[in-house]
Amino acid sequence: MCGIIGYTGVRDAVPVLLRGLARLEYRGYDSAGIAVHTDRGMATRKLAGRVAALHDLVGRLPLHGMSGIAHTRWATHGAPTERNAHPHADCHGRFAVVHNGIIENADVLRAALGRSGHVFRTETDTEVLVHLIEEAGGDSLEARVIAALEHVVGTYGLAVISADEVGKIVVARQGSPVLLGVGEDEYFVASDASAILEHTRSVVYLDDGDIAVLTPTEYHIIDRDSHVQLRAVDDLAWDLDEIELGDYRHFMLKEICEQPETVRSTLRGRLVFEDGTARLDGLNLTPEACAAVRRIVIVACGTSWHAGLVGRHIIEALAGIPVTVEYASEYRYHRQIPLPGTLTVAVSQSGETADTLEAMRAARAAGSPVLGVVNVVGSTIAREADGGIYLHAGPEVGVASTKAFTSQIVALALFGLHLGRHRGLSLEAGQEFVCGLAGLPPLMVQALALEPEVQRLAVRYAEASNALYLGRGVNFPVALEGALKLKEISYIHAEGYPAAEMKHGPIALIDENMPVMFVAPRDQVYDKVVSNMQEVRARGGRIAAVTTEGNGDLSALVDQQLRIPATAHLLSPVLTAIPLQLLAYHVSVLRGCDVDRPRNLAKSVTVE
Ligand code: G6P
């Protein structure tokens, strides 16, 4: 989904841009580029490859200047080649543009610009923007950008510089995230705050339709009619060490290991034992509104969707409200059937996923209030929602989501508890659940201690071409998530399935070459899951199981048992997920894959 960064100020822009770009690399990493106002005009370096390679290139062909823009790409239009890498320039090299988003009418615009004599050098949709800016009239860069954008249909977070206005960066936002950083005698623009956190904690979140103009001495924001827009300056709560690797080899491992602490942060200040409930001030739901909910629709993508599936079990059990969990990308194009009493909950780590955002907007258009369960403070979903729950899990950098997953489950559990207590859940049951939640962090530490055993199992998985993950009830989504983690970062084909449903199809695949992972903690379906293990064993399948300490010995059926401590069964996914995250991680390392930057993926998917 591409990362953009820009800098104007008293320092040399190049190191600032390259460091920021490295922090944004989780957004896309197939090509990278930089354009800077140097003493001798505007200069660009770009290539197909990683930010580290761009760094080397700039080392060989040095570049200096006090303002510039840079980009790391996740290809949508056109292959990841040097030519297609941003920044893109107009016919005469007077303007340079970096862009995140999609220009939907690029083909029409390209044809029209071509007829007016513009020469295109790339296959990207972005290139039309820079030719439009060249073509536009206006006595300033911002006037040109505004005029150019009048022709554009699509989404963009973009930054533009001009050879004629040294030190100035013009930024525009429509549907793709962009924020400004406010420093002392310096200003930044970035796709997200991690890119600029080491320089400033003061940020301004732009709204759709905003145009920002940055110079070394000031910034201002205008709309398309050049009316000045006032936007608050917010303070970033994240710490720099949260986005540093520290002693870890990969962000994914760091984030897996952080989970006892991140879950503690999600819970902090929210558990009220005396009342057996959760305090969730950000929900903006009155007790009457809680009592009036008749249906909940959770919309999400990827790992967040899996967390939503776990949340469904918890909310239904505690609050007695029917919950459906929809893929946001599908839901947004469904016919919306307005049903009074519907509450829509968008679950998203980044708060920027385009499909989730649009699903949320579609639900609102059909009359539903919308809540966000979001990690990134100030993100678009967080700002557009009527209320919600922040995860407070800190920045998640590894592309494969881990700590966000457990915090999402915990946030949805808090939500279920809160609703439940307004809808007949007894004080005692509420208090018991509060204790279960409060007790999770130390149990997560115990689950993490399984790592050496998981490493042994990983040796076997690393050889596999396929793997099956089976679970039931509240742990079926964990099977899905375990399979997703493995395929995302080790490229082993893995499928998650409800354990009992296996016999209606996937059982045909089982043989000694297909490792089967059962997620089978002690719960009311445990004995049934053991029967499913028998079915796999009878067909020569090799089984590993995540199960609960104190469960009977499964060694007659299972080659390797990973035992997590016991907890309330609705909360068990927070623990069962951990060995599966570790397994995917170690398999990926053994196979020599790029754990934090798996091929073709990006962390924040801001295009449809
Ligand atoms: C991408 C990421 C996944 C993530 C999904 C939803 O596909 O690679 O890890 O689960 O987007 O992201 P969100 O930020 O909305 O949770």
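In strand β13, the bridge partner of A212 is I221. That bridge is one of four that join β12 to β13 (residues 219–222), and the two strands run antiparallel. Helices and strands here are DSSP runs, numbered from the N terminus: a helix (H or I) has at least four residues and a strand (E) at least two. Two strands count as paired if DSSP finds at least two bridges between them. The chain passes from β12 to β13 through a hairpin of four residues.

Strand β12 also pairs with β8 (residues 169–174), again in the antiparallel sense and over four bridges. There, A172 stands opposite I211 of β12. Are the two faces of β12 (residues 211–214) covered or open? Both are covered: I211 and V213 on one side, and A212 and L214 on the other, are all buried. Buried means under 20% relative accessible area, exposed means over 50%, and partly exposed lies in between (1.4 Å probe, protein chains only).

A word on what you are looking at: this is a predicted model, in which local features need pLDDT of at least 70 and side-chain atom pairs count only at pLDDT 80 or more, while totals for chains, interfaces and linings use all residues. Residues are numbered from 1 along each chain as its sequence is written, and side-chain values use heavy atoms, with hydrogens and water left out.

Strands of a sheet pair through backbone hydrogen bonds, either parallel or antiparallel. Follow the order β3-β2-β4-β1-β10-β9-β11-β15 and you trace an open sheet of eight strands with antiparallel pairing. At its edges stand β3 (41–48) and β15 (234–235), each with a single partner strand, so one side of each has no neighbour in the sheet. Inside this order, β2 (residues 31–38) and β4 (residues 67–73) run antiparallel and are joined by six bridges. In one of these pairings, A35 has I69 of β4 as its bridge partner.

**Two helices and what they bury**

Helix α1 (residues 13–23) is largely enclosed by the rest of the structure, because eight of its eleven residues are buried. Those residues are A13, V14, V16, L17, L18, G20, L21 and R23. Their cover includes β1 (3–9), β2, α2 (51–60), β4 and β10.

Which residues of helix α16 (residues 451–461) are buried? They are E451, V454, L457, A458 and Y461. Seen down the axis of α16, these buried residues fall within an arc of 115 degrees, so they line one face of the helix. The arc is that of the directions from the helix axis to the C-beta atoms. An α-helix has 3.6 residues a turn, so residues three or four places apart point the same way.

**Two residues in their surroundings**

A363 is found in helix α11 (residues 354–365) and is buried, with a relative accessible area of 0%. Leaving out residues up to four places away in sequence, A363 touches Y331, Q336, T344, S368 and V370. Contact here means heavy atoms within 4.5 Å. R312, in helix α9 (residues 302–319), is partly exposed, with a relative accessible area of 35%. With the sequence neighbours up to four places away again not counted, R312 touches I298, V323 and V325.

The table gives a C-alpha to C-alpha distance for each of these residues.

| Residue pair | Separation in sequence | C-alpha distance |
|---|---|---|
| A363 and L343 | 20 residues | 8.8 Å |
| R312 and T324 | twelve residues | 7.0 Å |

**Backbone details in the loops**

The peptide bond from H86 to P87 is cis, with omega near 0 degrees. P87 sits in the loop between β4 and β5 (88–89). D185, in the loop between β9 (179–182) and β10 (186–190), has phi near 55 degrees, a positive value in a residue other than glycine. Phi of H392 is also positive, near 55 degrees. H392 lies in the loop between β22 (387–390) and α13 (403–421) and is partly exposed, with a relative accessible area of 40%.
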